[in-house]
Amino acid sequence: MKDNLLIITRLKKTVTYLDKLLENFNRNENVLRDNIKKTMYQLLEDSYSANIYNKEEKINYQNQMLVHIKMIDFYIQLSYNKKMISSKQYTMIGNHLLDIYVLVQPWIQSVNNETS
């Protein structure tokens with residue numbers, strides 16, 4: 001199934017990149033790895049939900065997306081501080097998350113302006 005929404009396409013790319021990166025995490029950091037995985041898949045799920053539901057639910061899912069982006073950013077920063085990822089990987093993931101964040105913000109504004 002092809003997704004036409006740019007946010008979902010970018011999210012899938014980010015999820016794929018993170019999933020490969022998480023395979024190399026230290027076994028002692030299972031909780032951190034699992035939290036990153038859980039949050040990134042929840043972010044993708046929320047993006048699909050925000051694309052389907054009515055305005056009120058859509059706004060809730062979009063706001064949840066912003067929360068998940070911030071949480072993934074925190075988890076990745078923690079991973080970097082624990083030297084589990086390189087600065088290049090940290091920058092790459094940060095750029096992916098920033099791109100997604102920049103796409104979600106106007107999407108929220110457009111939904112808010114639909115009936116205003």
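1. Basis of the note. The model is predicted, so local features need pLDDT of at least 70 and side-chain atom pairs count only at pLDDT 80 or more, while totals for chains, interfaces and linings use all residues. Residues are numbered from 1 along each chain as its sequence is written, and side-chain values use heavy atoms, with hydrogens and water left out.

2. Helix H4. Helices here are DSSP runs of H or I with at least four residues, numbered from the N terminus. Helix H4 covers residues 87–113. H4 has 27 residues and spans 39 Å from its first C-alpha to its last, close to the expected 39 Å; the expected value is 1.5 Å times one less than the number of residues.

3. The buried side of the account. A residue is called buried under 20% relative accessible area, exposed over 50%, and partly exposed in between (1.4 Å probe, protein chains only). In H4 the buried residues are Ile93, His96, Leu97, Ile100, Val104, Trp107, Ile108 and Val111. Their cover includes helix H1 (6–22), helix H2 (30–52) and H3.

4. Leu103. This residue of H4 is partly exposed, at 24% relative accessible area. Apart from neighbours within four places in sequence, Leu103 is in contact with Leu6, Ile7 and Arg10, where contact means heavy atoms within 4.5 Å. Leu103 and Leu6 are 97 residues apart in sequence, yet their C-alpha atoms are 8.2 Å apart in space.

5. Aromatic pairs. Rings of Phe, Tyr and Trp (its six-membered ring) pair if their centres lie within 6.5 Å; planes under 30 degrees apart are stacked, over 60 edge-to-face, and the rest tilted. The count by this rule is three aromatic pairs. One of them, Phe74 with Tyr75, is tilted, with 5.9 Å between centres and 55° between planes. Phe74 is partly exposed at 41% relative accessibility, whereas Tyr75 is buried at 12%. The ring centres of Tyr80 and Tyr90 are 4.7 Å apart and their planes are at 10°, so this pair is stacked. Because Tyr80 lies in helix H3 (residues 55–81) and Tyr90 in helix H4, the pair ties together parts ten residues apart in sequence. Tyr80 is partly exposed at 32%, and Tyr90 is partly exposed at 25%.

6. A charge over a ring. Which ring lies under the charged end of Lys70? The ring is that of Tyr101, with its centre 5.0 Å from that charged end. The rule requires NZ of Lys or CZ of Arg within 6 Å of the ring centre and within 35 degrees of the ring normal.

Conventions. Helix = DSSP H or I, 4+ residues; strand = E, 2+ residues; numbered from the N terminus.
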